[in-house]
Amino acid sequence: MTAMPLPKDHYDVVIIGAGPAGLAAAAVAGKAGLSTLVLDENAQPGGQIFRAITSTPVQRRDILGDDYWRGENLVAETRAGGAVIVQGATVWSLDRDLQIAVSLLGQSQIVKARRVIIATGALERPFPIPGWTLPGVMTVGAGQTLLKSSGLVPDGKVVLAGTGPLLWLYAAQVLRAGGAIDAILDTTPRGNYWRALPYALPFLMSPYRAKGLALMREVKRKVRVVSNVTSLAALGGDKLDAVAFSAGGAEQKIAADTLLLHQGVVPNVNLANAAGVAHRWDERQLCWVPVLDADGNTSVPGIAIAGDGAGIGGALAAAERGRIAAVAAVEALAPGKKSLTPDRSELSNTLRRAELGRAFLDVLFQPAQQFRLPEGDTIVCRCEEVSAARIKETIALGTEGPNQLKAFLRCGMGPCQGRLCGLTVTEMIAQARGMSPDAVGYYRLRPPVKPIALKELASMPHSEQDEKAVVRG
Amino acid sequence: MSEAADVIVVGGGIHGCSTALHLALRGAKPLLLEKDYCGRHASGVNAGGVRQLARHVAEVPLSVASMELWARIEDLVGDDCGFESHGQVLVAEDDAEFAACRARVDDLRLRGFTHEELIDRAELKRLVPAVSDYCPGGIVSRRDGAADPFRTTQAFRRRAIESGARLREGVRVLNIARRAGIWHVATTDGEFEAPVLVNAAGAWAARLAAMAGEHVPLEAIAPMLMITARVPHFLDPVIILRGRKLSFKQFGNGTVLIGGGHLGTAYPDENATVLDWAKLTASARTVDELFPVMRGATIVRAWAGIEARTPDDIPVIGHSRTEEGLFHQFGFSAHGFQLGPGVGSLMADLIVTGATNLPIEPFGVGRFLRGIEPPGTDSVLE
């Protein structure tokens, strides 16, 4: 047997991800006395939204804003509750037996849980435009990671393109940190404003309204903003040198060293999907969301999902959903400790308030079809370099779903496991076959959900019984 | 609704698709029923080994006959199926294993088969330069190789339809009954009729057999596979071992497939499998020892298909013992892919002409009736 870096190999509750949902869940479960383990793959707790909250070099508080610094309390509260938070721990498999395979310091091991709360959050929606694979093109989320963890703002001529709250938040943070942005190409379709109108009333009552409008004003004072952008292409030979776009019917081109793309975030479903959790297509958020009950329980007994991985709701809602899932875990495992948990109906009320205005944002920032359904030579699957045209041809040959397409073209079979092409492929098949994305389905994802070194797998703890030989006849 | 056909084939794996194709080529009107989509399970997600090497002696004639079809697979199905013939090599890891290899090759010679050749250390190194030096030799079967399993199954499916077979996917058999010489097959999409029924239902075949009163001890298994990210080209033939469980091959794109029959858990009712990482670590250790070149590789995906295994690890092929007009073709026990083309052809002969030239006596379902499973009990699947 090899020594294991974790103190124990079984816990009452294992929480995967230390963002707002995971931390809040761990605080509740830990405080109720459940042995609680949080596994998080980053170097510091906080997830995306509170990334590097305990270590960021960006110490001027106004740059990242009050909403960011709120993460400090959450981390402190979780640590005080008694949960073990392990950083640098990459979970690469979870199954229906609640066995979790985790890699830590180059050593993998299996941990067993009585309950699992997946809090792996969101990832950015694919933005497949011509040239999006060129060096110099990256996502707004990746830009924000560099800002939070290393205090870096992009150099040279910088263009942001896309739609959604994060685009504006990041732009404001870059400007406050002393960075410059040459242009923002806003791809929010004009029609979305009308379509979102029926959802406007709760939004007007939500905290998002004032903050959002202030952010946009702050950015628009300093940056050239082009609205109603209807096409985008990154141009260049071995690296980006310009961005071509059309707005209001006119074709334009601007020089750029860095293009940061963003069109919203979607749940990161990979771990849950590989564990066999049922998902459904969300028509408003245009993505897969797990099928959950009010406590966040999935179709797999013992596995719950909280946070943006349960459907995009933002940081405040994520924390409440984390607490709700943890209360349910306490009820299931230690009903006598219920009095140590927050009041369930109060949590629901807070969650409802946190979700006010979400529908408006979902509809307003729904990305346009031409940015979700690419054409021609535009790459869809980056790992295997499969173009939109090849996918269309293969669908036309009678390929019925993403798993058959995967078998023919290998799209989705590379190291990213469909994170960068899965939604595009489902929507392309749905459009071509005139079906709903729900009927088309998604890739059946397979562990390891993050690549694992063969050497590390070979040195995993094991028993001699697994070695027994077979004799071939 | 009732639709008539000459033969109803249940199960759209490589075997069901191949039988449907060969029936259509012989002028019959087959109807193929598949509860999911063709190649959804073991046939679509296996290692793709096209192997005569190291087969059970009873299977060797079938495997050799099937190899003749593989050699002209593009003529047969209109697609090369990704079939590449760089040979398969069985590696002995010590002298005792090498002696067993020698005995095996001698035994096959006496039986009249020459496709397996004993190779010494030097020839092994020539064929497989990356293999560890401690291996004393092995056996090669030079015409063997590997194909793309999903593409192959789809090619058989497509050619079967082009040749006149009808196909219903997403249709599950609920019950079967034979009245006045006609099988009535009740499904989730109505009833179908034919005088002949072929049970090629893989891991679900025991249920179909049980509907005809035939109890077959069949286990649903989930053989596991892993694949790596691309590594520089180092290997042409498919590798299997004499002792430990491993099958190993590198694709043209550089990725390496690691299999060998370690089993996860199958949940046939849910089309689901759960992997057993403790066993996969054993595969990883074997690769690590046998191929030092793989030390920097990363595993990007692991999976398992759902397959049927018989108690003696060889398939059930031929007539039912309980019902007229019912033929079995299942239980290939995780090595049926290469046999697909050939067994489909012999099944068509058996159904259309009433006979086959190939020796199928060892595969009769009757072998399980001799005391293994008392009549009247349910199959192990239920």
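Me: What makes the place of A:Pro448 a loop of chain A?
Reply: A:Pro448 is found between α17 (437–440) and β22 (452–453) of chain A; helices are DSSP runs of H or I with at least four residues and strands are E runs of at least two, numbered from the N terminus. A cis peptide bond, with omega about -5 degrees, joins A:Pro447 to A:Pro448. This is a predicted model, in which local features need pLDDT of at least 70 and side-chain atom pairs count only at pLDDT 80 or more, while totals for chains, interfaces and linings use all residues. Residues are numbered from 1 along each chain as its sequence is written, chains are lettered from A and ligands numbered from 1 in the order written, and side-chain values use heavy atoms, with hydrogens and water left out.

Me: Why is A:Leu286 called buried?
Reply: Buried means under 20% relative accessible area, exposed over 50%, and partly exposed in between (1.4 Å probe, protein chains only). A:Leu286 has a relative accessible area of 6%, and is therefore buried. Its phi is positive, about 50 degrees, although A:Leu286 is not a glycine.

Me: What makes A:Asp182 partly exposed?
Reply: Its relative accessibility is 38%, so A:Asp182 counts as partly exposed. A:Asp182 lies in the loop between α6 (165–176) and β10 (183–186) of chain A.
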